[in-house]
Amino acid sequence: MKWRLADHLAWQMIGDEAVVIDLRSGTAIGLNKSATLIWTLLANTDDAEICTEVSKKFAVEAERAASDLREFTSLLSSRGLLFEAS
């Protein structure tokens, strides 16, 4: 699956972690290292490639990477920050 980030977002790297700001609500979300990796790949990479990168970088099994990706994308989608790309 490919993803599209909402237009009303801004984000910045602070050190090695990302901070995402929902410009509509003014809410900031701090991402840990694994979520930051996923975030940086979401707009240009499909789920399989993201899982491969997470598995390699954090030495986790593919099933765990896929579960984490589903949980993260579900959270972002429920907040209106992420959409399935068409």
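A salt bridge here is a side-chain nitrogen of Lys or Arg within 4 Å of a carboxyl oxygen of Asp or Glu. The structure holds 3 salt bridges. The model is predicted, so local features need pLDDT of at least 70 and side-chain atom pairs count only at pLDDT 80 or more, while totals for chains, interfaces and linings use all residues. Residues are numbered from 1 along each chain as its sequence is written, and side-chain values use heavy atoms, with hydrogens and water left out. Helices (H or I, at least four residues) and strands (E, at least two) are DSSP runs, numbered from the N terminus.

**Salt bridges**

- Glu-53 forms a salt bridge with Lys-56, with 3.4 Å between the closest N and O atoms.
- Glu-53 and Lys-56 are 3 residues apart in helix H2, and about one helical turn separates them.
- At 32% relative accessibility Glu-53 is partly exposed, whereas Lys-56 is exposed at 59%; buried means under 20% relative accessible area, exposed over 50%, and partly exposed in between (1.4 Å probe, protein chains only).
- Arg-64 and Asp-68 meet through their side chains in a salt bridge of 3.2 Å, N to O.
- Both Arg-64 and Asp-68 belong to helix H3, where they are 4 residues apart, about one turn of the helix.
- Asp-68 has a relative accessible area of 26% and is partly exposed.
- An α-helix has 3.6 residues a turn, so residues three or four places apart point the same way.
- A salt bridge also joins the side chains of Lys-33 and Asp-16 (3.3 Å, N to O).
- Because Lys-33 lies in helix H1 and Asp-16 in the loop between S2 and S3, this pair ties together parts that are 17 residues apart in sequence.
- Lys-33 is partly exposed at 43% relative accessibility, and Asp-16 is partly exposed at 46%.

**Strand pairing**

- Two strands pair if DSSP finds at least two bridges between them.
- Strands S2 (residues 9–14) and S3 (residues 17–22) run antiparallel and are joined by 6 bridges.
- Met-13 has Ala-18 in S3 as its bridge partner.
- The hairpin of S2 and S3 has 2 residues between the strands, and Gly-15 takes a positive phi near 70° there.
- S3 and S4 also run antiparallel, with 4 bridges between them.
- Opposite Asp-22 stands Thr-27 in S4.
- The hairpin of S3 and S4 has 4 residues between the strands, and Gly-26 takes a positive phi near 80° in this hairpin.

**Helix H1**

- Helix H1 is largely enclosed by the rest of the structure, because 7 of its 10 residues are buried.
- The buried residues of H1 are Ala-35, Thr-36, Leu-37, Ile-38, Trp-39, Leu-41 and Leu-42.
- These buried residues pack against strand S1 (3–5), S2, S3, helix H2 (47–58), H3 and strand S5 (82–84), where contact means heavy atoms within 4.5 Å.

**Largest pocket**

- The largest pocket has a volume of about 200 Å³.
- Of the 13 residues that line the largest pocket, Asn-32, Ala-35, Asp-68, Glu-71 and Phe-72 are the closest to its centre.
- On a 1 Å grid over the protein atoms alone, a pocket is an open set of points where a 1.4 Å probe fits, with protein on both sides within 12 Å along at least five of seven lines; lining residues have an atom within 4 Å of a point.
- Grid points are joined across faces, edges and corners, and a volume is the space filled by probe spheres set on the points.
- Strand S4 (27–30), helix H1 (33–42) and helix H3 (62–78) each supply at least two lining residues, and H3 gives the largest share, 5 residues.
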